[in-house]
Amino acid sequence: RDFFVWLPPGYNKDTSKEYPVLYMHDGQNLIDPKTSYTGKDWRVDEIVTRLIKEHRINEIIVVGINNTDDRLEEYSDSEKGKKYLKFLVEELKPFVDSKYRTLKDKHNTAIIGSSMGGLISFIAAWEHSEVFSMAGCMSSSFYYNDEKIFKTIEEYDGAKKHIKFYIDHGEDGLLRGQKMFCKLSQLGYVIGTDIDYFYARGAEHNEAEWAKRLERPLIFFFGK
């Protein structure tokens, strides 16, 4: 599977410094409009660089993981989805940690995606909170498989998981996005502390819209 590793501007200046890591799905759509599904990318490299220069976030490493033809299954709570998460946790993260100067603990490891990528980001943090302590779920497909993700939450009776959640949507996920925010609030997640929720009124379901909103979860997770 193809993936890229984007290094922050100061990475080669201080060879002793270690960095938080953000894992992102749909790697083809993140930094290059030529490979993006819609011809417009998330502009991740540009947005992260700008926020770093503006001293609004700490420097981070970004890992973009390409999707495959099995995207729908890999980004859901299916057998292929479980294998995808196993790949992230047991193969990709250890590889990145071994090759780059990363802060390896969960408190410095985030995961973000949109649509089905938002769903699998939620599942990744929920099922592997020992690895990911931050999950950005943009325009997430919480409806998928008869809203199975809500059943998973409702059936959970353990202690509150130490995860920071970012939940947003435009006109594409109004009901389920609000429902997820309410469910998490009922579990004790507090707005501004360990959950952030944003409704982008009038926003459509595409990469250009997610690019407009990306700085919000970046600041929530990595802000100074």
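Predicted model: local features only at pLDDT ≥ 70, side-chain atom pairs only at ≥ 80, totals over all residues.
Colleague: What is the order of the strands in the open sheet?

Modeller: Strands of a sheet pair through backbone hydrogen bonds, either parallel or antiparallel. Here seven strands form an open sheet in the order β1-β3-β2-β4-β5-β6-β7, with mixed pairing; strands (E, at least two residues) and helices (H or I, at least four) are DSSP runs numbered from the N terminus, and two strands pair if DSSP finds at least two bridges between them. Because β1 (3-6) and β7 (195-199) stand at the edges with a single partner strand each, one side of each is left without a neighbour in the sheet. Strand β6 (residues 164-169) pairs with β7 in the parallel sense over five bridges, and Ile-167 stands opposite Tyr-197 in β7.

Colleague: Which residues of α5 are buried, and where do they lie around the helix axis?

Modeller: An α-helix has 3.6 residues a turn, so residues three or four places apart point the same way. In helix α5 (residues 144-155), the buried residues (under 20% relative accessible area, with exposed over 50% and partly exposed in between, for a 1.4 Å probe and protein chains only) are Glu-147, Ile-149, Phe-150 and Ile-153. Seen down the axis of α5, they fall within an arc of 105° (taken from the directions from the helix axis to the C-beta atoms), so they line one face of the helix. The face turned away from that buried side carries the exposed residues Asp-146 and Glu-155. What covers the buried residues of α5, by contact (heavy atoms within 4.5 Å), includes α4 and α6 (174-186).

Colleague: Which residues touch the most other members of the largest nonpolar core?

Modeller: A nonpolar core is a set of buried Ala, Val, Leu, Ile, Met, Phe, Trp, Tyr and Cys residues joined through side-chain atoms within 4.5 Å. In the largest one, of 40 residues, Tyr-23, Phe-122, Phe-142, Phe-165 and Met-180 touch the most other members, and α4 gives the most to this core, with eight residues. Not counting residues up to four places away in sequence, Phe-122 touches Cys-137, Phe-142, Ile-149, Ile-153, Phe-165, Met-180 and Leu-184. A second, separate core of 26 residues includes Leu-22, Leu-51, Ile-57 and Ala-211.

Notes
Residues numbered from 1 in each chain as written. Heavy atoms only, no water.
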